[in-house]
Amino acid sequence: MAQLDTLDIVVLAALLIGTIAYFTKGTYWAVYGDPYGNVAVPNGAAKSGKSRNIVEKLDESGKNCVVFYGSQTGTAEDYASRLAKEGHSRFGLSTMVADLEDYDYENLDQFPEDKLAVFVLATYGEGEPTDNAVEFYEFISAEDVSFSEGVSAEDKPLSSLKYVTFGLGNNTYEHYNSMVRNVDKALTRLGATRFGTAGEGDDGAGTMEEDFLAWKEPMWVAVCEKMGLEEREAVYEPVFEITEKPDMDADEDEVYLGEPNKNHLEGNQKGPFNANNPFIAPIAESQELFTAKDRNCLHMEIDISGSNLSYTTGDHIAIWPTNAGKEVDRFINILGLGSKRHMVIGVKGLDPTAKVPFPAPTTYDAAIRYHMEICAPVSRQFVSTISAFAPTEDAKAEMTKLGGDKDYFHEKVIDRSLNIAQLLEQLSDGQPWEKVPFSLMIEGLIKIQPRFYSISSSSLVQKDKISITAVVESSVKPNSPHVLKGVTTNYLLALKQKQHGAAEPDPHGLNYALTGPRNKYDGIHVPVHVRHSNFKLPSDPTKPIIMVGPGTGVAPFRAFVQERASQARAGQAVGKTVLFFGCRRKEEDFLYQNEWQQYEKDLGENFVLHVAFSRDGPKKVYVQHKIEEYAEELDKLLQQKAYFYVCGDAANMAREVNVLLAKIISKQRGVPESKAEDIVKAMRASNQYQEDVWS
C-alpha cells in the first residue's frame, strides 16, 4: 500500500470535515450571529438567507396570523405589535409581526384560507406610502399586478386572502389616510375579503389612540365570528426573555452601551448610512438665532464629508436623539432598577418571529437611554396592561380607572403630557413598581425614533455640510408639575452650549450623555442620516417661486434662496423669488435677517421678502395677512406658472393658506370659489403646489 503524502492527507481531512459539516449542519462549531452585525445592509431577509415568502414563513413558524406594518415614525409598528399580542393573548391566534419590506407579495394568491393578514398602514406626506411600504404599495396597486399562479386581476387572484386593516393619517393633509384606503380598494379589487371595517386613526385631531381602540373591539368581534375564535382571559405573556448577567462587566468589548450595531460597537462605522445605521457626524458650528432670553432657536452646520451621504436642496436630515438623563433616572428609579442600572442583560425573542428592537448584550441604562422612547405620550391600552403589576391596591385601582375611562385618561394623562415614568411616579407617590417586567416596558414603548428636520442649506452651495434650523421645544401644561421638553431639540441645545465652552452645557438640568456610548460622540458629534424629499425647486431656475414659511418653516426656503442667489452670482438667469416669512418681533426672532439683505443684493429685483411681525404692532399680523395684501402680485405669478410652497404648521397655517389661495384666485380671476378650489387641487396634482408641513 502506497504511503499517503502530505497533499493526500490534506485532501482527505478536508473531505472528512466537509462530510461532518453536512450531516451535523455545523452543530459542533455553531457561532452566535449578531443580528445587528450587518444592520446597515438593506433587504436583511435576503442577506441572511431568510425566506421572503410569507406563506412559507407562516407555515414553518406555525403561525395563523401575520400583522404587517408600514411605519415611518414607529407608531404603526407599535400598533401592529399590540394587535399581534392581543390576538394571541385574548383570542388564541398564533401571531407574528412583519415589516412590509422584508417580504415579497407575488405569492399572496397562495395565502391559506384559514389564516389572517392584518395591515397597519401609515400615510406619509402627501398621500405617500412610508419608506418600508413603497414596494408593497407599488406592487398591490399596479393595474397589471401579477401573482405566482398567473391568474389575472379580473379573476380575483386573492380570493383566499382574509384581512383586516387600520390606517394612520392626519386630516390636515389633503390625502387623509390615502394609503389604507387605496390598499383596501386594491385588495378588494383582487378578490380579498375584509373582516370588519377599514379603521382610520387621525393624528391631526389628536384622536389616533382612541380611534384605534374604538376600531379594534368590533374588528375582533368580526374576526372571532368569521374564524370561529373564542375570547379567553388575557394574561400577560412576555415576548422577550431578559437574562441578567452579573458575571459580565459592562465595559467588556462585546457589551453594547448604546451603539446601534456591531460596526459602531467596534468603533468602525461603515456605510451605507440610513434609517438603520446612522453616521456619527461632527457638528462643525452652531449658533443661537433668537435674541429673546426665554426662547432658543438653533442654527447648526453638520459635517457629512467622508460619509458618502448626499442630499439635494429640500431634503430632510434625521437626528438620532438620546434620552435626557433626568428622565432616564426617573424611569430606572420608578422600576426599582437603581442598583442594577449598569447590570449587563441579554435580550432575546421567545418566539422565532419576535424582533428584538436593540442589540444585546447591553445594560438597563443603555437600553433605556439610547433605545426606548421613554418620553412618548402614554397609551391607555398600555396603562391597562401595567395595572396588574401595581405596587399598591390604590395604584392598581387608579390605573384600572385610567385604562377604562377615556375622558378621565385624557384629563389626567394626555392633557398634562405625562410620560409613563411620570405617571407611575404620581400614582404610587414615588414607590417603585418593582413587579413590572422589563420585557413589558420594551414591548409597550416604541423604539426611539429619529427626528426629521428640513435642511436649511443648498446642496449646490455646501454639499458636505447640512444646515438645520430648530426651535428648542419647551412648554408648560396646566395642572402639570412637569415642563414638557422636546427630547431632540434640548439635546441639540446642550451640544451647542458644550461647543461654545459652557461650564454647564445643559441649561435645563436634563443631563444628557453628550459624549455618547464609550465617549464615541465626543468632540461634538451627533448620529444622523438623510431622507430624500419630493419638496423641490423647479428644475428650471427661471420659473418664479412663491414661498410661505413662518418661524422655522423658513428653513427649506433659506436653502432655496441660497441656491438661487448662488446661481445668480454665477451668471444664470433666475426667476422671481418671493418669500412670505412671519415671526413675533423684528428684534427677537427675525431669522437670518442679515442673510436676506445679502440675497437681495445677489438677486436684485428677483427677490422679494414680505415679513409679518405678529407682536410688533397694535394688531397681530401673520403671513396670511401679507399674502392677502399682495394678492394681485401673487396671482400674476401663479398665472405665469409659479411654483407655490408652504412649510410649517399643518393644522392651522398651512390649511388656512390653502383656503386663502383659492379665495385669492377666485377674486383675482373672477371665477367661482369652487372653480378656484379645483385650480388649487390641479396645482397640487402637478407639483406646482408643494407642502413640507408637520402637525
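**Close-ups of a predicted model**

**Figure 1. Asn308, out in the open.** Asn308 counts as exposed, because its relative accessible area is 81%, well clear of the cut-off of over 50%. Keep in mind that this is a predicted model. You'll find Asn308 in the loop between β10, which covers residues 297-303, and β11. Take a look at the backbone here too: phi of Asn308 is near 65°. That's a positive value, and Asn308 is a residue other than glycine.

**Figure 2. Asn687, another asparagine with a positive phi.** The phi angle of Asn687 is near 65°, again in a residue that isn't glycine. This one sits in the loop that runs between helix α23 (673-685) and strand β23 (689-694). Is Asn687 buried, exposed or partly exposed? Its relative accessible area is 43%, so Asn687 counts as partly exposed. That label covers values between the 20% limit for buried and the 50% limit for exposed.

**Figure 3. Asn323, an asparagine tucked away inside.** Asn323 belongs to the loop between β11 (316-319) and α9 (325-334). It counts as buried because its relative accessibility is 0%. So who are its partners? Setting aside neighbours within four places in sequence, Asn323 is in contact with Val328, Ile368, Arg369, Met372, Ile374, Cys375, Ile448, Val487 and Tyr512. One of them, Ile368, has a backbone oxygen that the side chain of Asn323 reaches at 2.9 Å.

**Figure 4. Glu135, a helix residue on show.** Zoom in on helix α5, residues 134-140, and you'll find Glu135 there. Glu135 counts as exposed because its relative accessibility is 63%. Glu135 and Leu100 are 35 residues apart along the chain, while their C-alpha atoms are separated by 8.4 Å.

Figure 5. Start with the bond from Gly271 to Pro272: it's cis, and omega is near 5°. Pro272 is in the loop between α8 (262-265) and β9 (279-288). Then move along to the bond that joins Ala360 and Pro361, which is cis as well, with omega at about 5°. Where does Pro361 sit? Its place is in the loop between β12 (344-349) and β13 (362-363).

**Figure 6. Zooming back out to the whole chain.** After all those close-ups, here's the setting they come from. The chain has 23 helices and 23 strands. Its C-alpha trace spans about 95 × 80 × 70 Å along the principal axes. The radius of gyration is 28 Å, which agrees with a compact globule, because a globule of 695 residues would come out near 26 Å. Of those 695 residues, 53% count as buried.

Finally, the charges: the chain has 72 positive and 100 negative ones, and their mean positions are 4 Å apart.

Technical notes: Residues numbered from 1 in each chain as written. Heavy atoms only, no water. Helix = DSSP H or I, 4+ residues; strand = E, 2+ residues; numbered from the N terminus. Buried < 20%, exposed > 50% of the residue type's maximum accessible area, 1.4 Å probe, protein only. Polar contact = N/O pair within 3.5 Å; in protein donor to acceptor, adjacent residues only side chain to side chain. Contact = heavy atoms within 4.5 Å. Rg over C-alpha atoms; globule rule 2.2 N^0.38 Å. Lys, Arg positive; Asp, Glu negative; His and termini not counted. Charge placed at Lys NZ, Arg CZ, Asp CG, Glu CD.
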